[in-house]
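Let me put the model up and walk you through it.

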Amino acid sequence: MSLTDEEYWKKSTLEGFNFDDDADEPPTSLSPSEGSTEPVFSSTLRNNAALPTHAIISKWGLDIILQDTRLPPEIRTYSTEETIKKLFLGLPCLLDNFRSLEQKIDLLQKAVETADGNIILKVVLFLEKTLKQSLLHIHLPKYKLALVHYCNYLVQENKLQELNYLYMAIGNNTGMSNLFYIPCQNFSSRKRIQAELEKFLNESGNVIPDCNKHLLHGFKTFIELQKTDTASKSVTELLATFYRAHFVTTYSQHDITTFCNTMKLSSSQHEWILLNVMAANQLWDNLTDAFVKPVSFSYHQG
């Protein structure tokens, strides 16, 4: 029998809820065929309930853990020949794997054999950094080319104290005069140069050879003969200054002659400087009187 629309909507298949009935009836369990087919603690539920990583540990903390577990990169060591080849080609190369004294000396020997100043200096500076100064001063003089490059490096870098220690250690008394001439190039005051020269002679005069000592005393005389506070750089420059003053003022010719004799200038050097000064100042009459001599001709009649 079919229901009308009004009866359909008024009819309900649900029964009312009774709390008393539920308390009397024992709980019923669902069979595997009813409800969910998965156990409560199934793997699917566990996977669905997993938390994201950032909820457990921050990214910063995770990075710290990963850094601790990373293995250090493998560092390849090169032989002496391979290292020298890489240096020659300008390729980046570490020398820290040469640890023993024997390895370092062998590296220096191979560098000297290339006759390449850049390679030699790089190896010598590596030895300077990793060896005691006494060991460096013992082994470096055995390789003359390396010693020359290292001395030039110390001069260019103005490391005069290290250069002094090196000269004294290897007994190079001849080169010790450089310890005065090198800083002297930066001085323009005559009095400053005199003071530095006196100090150097007092400190090192007993160890430098007689030939160098003679040159230093000659330089001292050269400085003392100058009349102005600004020091001249050479004997010829100072003589030209004297001659310019001689033609402008009353600078004595006797003083010029004394200067030439003291500095041991030859007559040719003296005359050449005088000629240049006269020509530069257009003193043509003085030049003619000094250098053009009258010549007498003898005529023989046949």
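A quick definition to start: I call a residue buried under 20% relative accessible area, exposed over 50%, and partly exposed in between, using a 1.4 Å probe and protein chains only. This is a predicted model, where local features need pLDDT of at least 70, side-chain atom pairs count only at pLDDT 80 or more, and totals for chains, interfaces and linings use all residues. Residues are numbered from 1 along each chain as its sequence is written, and side-chain values use heavy atoms, with hydrogens and water left out.

So, buried residues are 27% of the 302 in the protein chain. The chain has 18 helices and 0 strands; those are DSSP runs, H or I of at least four residues for helices, E of at least two for strands, numbered from the N terminus.

On to contacts, meaning heavy atoms within 4.5 Å. Take the ones between residues at least 6 apart in sequence: 48% of them join residues at least 24 apart.

Now look at helix α6, residues 80-89, where you'll find F88. F88 counts as exposed because its relative accessibility is 55%.

How far can we trust all this? pLDDT is the predictor's confidence in each residue, from 0 to 100. The chain averages 76, and 74% of the residues score at least 70. Over residues 30-35, though, pLDDT is below 50, and that stretch has 1 contact in the model beyond near neighbours in sequence. Residues 297-302 also stay under 50, with 0 contacts beyond four places in sequence.
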